[in-house]
Amino acid sequence: EPYAGKSPFLEHGRRVVEGQRAAQTAVDILTGGVTVPDPDGGKTDFYVRQLWNGKGSIDLDTITPDGLIGFSAVCAWLLAHTHAKTGDRHAIAAYLGKGSAFDDAMVHFANQYADQNEADYQMFVQAVAEETKKEPVKKQ
């Protein structure tokens, strides 16, 4: 609310749920909001969602390069579809412009992000290697 103005919904949990419903193609039927009395006499709003993860995942150890490209394309489409539902596509297109500046910026960011991930992974591998060189602690 501090950034987007007063919500038409009295409960903050409901505000979050309605925002998700506006953004998501398929709404999770187990998502909702609830207001709970506080011990001091006030009230607190909560956003409630499913606890069981019924979504799929991919195995990064076995995925092929073509499979990763396909999976990435699906993720990009879903993200774009979600954002297209919440915004004015003409305004977004006008903001991005006809040039390649946005595309270039996204490629630059993706490359930097990939480099950072690789550096983080190498640091992790190094830490594991150093840890395995240590003598095990003997139990007494």
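1. What percentage of the 140 residues in the chain do buried residues make up? The answer is 6%, where buried means under 20% relative accessible area, exposed means over 50%, and partly exposed lies in between (1.4 Å probe, protein chains only). Keep in mind that this is a predicted model, where local features need pLDDT of at least 70 and side-chain atom pairs count only at pLDDT 80 or more, while totals for chains, interfaces and linings use all residues. Residues are numbered from 1 along each chain as its sequence is written, and side-chain values use heavy atoms, with hydrogens and water left out.

2. Now for the overall layout. You'll find 4 helices and 2 strands in the chain, and from the N terminus on they run α-β-β-α-α-α. Both kinds of element are DSSP runs numbered from the N terminus: helices are H or I with at least four residues, strands are E with at least two.

3. On to helix α1, residues 12-23. A search of the whole structure turns up 1 salt bridge, meaning a side-chain nitrogen of Lys or Arg within 4 Å of a carboxyl oxygen of Asp or Glu. The partners are E18 and R14, at 3.2 Å from N to O. Because they sit 4 residues apart in α1, about one helical turn separates them. If you're wondering about that spacing, an α-helix has 3.6 residues a turn, so residues three or four places apart point the same way. E18 is partly exposed at 23% relative accessible area, and R14 is partly exposed too, at 40%.

4. Helix α1 also holds R21, which counts as partly exposed with 35% relative accessibility. R21 and T31 are 10 residues apart along the chain, and 9.5 Å separates their C-alpha atoms.

5. Have a look at α3 next. None of its 8 residues is buried (the number is 0), so α3 lies largely in the open. After α3 comes G97, with a positive phi near 80°.

6. There's a nonpolar surface patch of about 520 Å², made by I92, Y95, L96, F102 and M106. The elements giving two or more residues to this patch are α3 (89-96) and α4 (101-133), with α3 providing the largest share, 3 residues. M106 sits in helix α4 and is partly exposed, at 43% relative accessible area. Patch residues have over 30% relative accessible area and no salt bridge; nonpolar side chains (Val, Leu, Ile, Met, Phe, Trp, Tyr) are joined within 5 Å, like charges within 9 Å. The areas come from the Shrake-Rupley method with a 1.4 Å probe.

7. Finally, the second largest pocket holds about 220 Å³ of space. Its lining is S72, C75, A76, L79, A80 and H83, which divide into 4 nonpolar, 2 polar and no charged residues. A pocket here is an open set of points on a 1 Å grid where a 1.4 Å probe fits, with protein on both sides within 12 Å along at least five of seven lines; lining residues have an atom within 4 Å of a point.

Note on methods. Points joined across faces, edges and corners; volume = space filled by probe spheres on them. Nonpolar A, V, L, I, M, F, W, Y, C, P; charged D, E, K, R; others polar.
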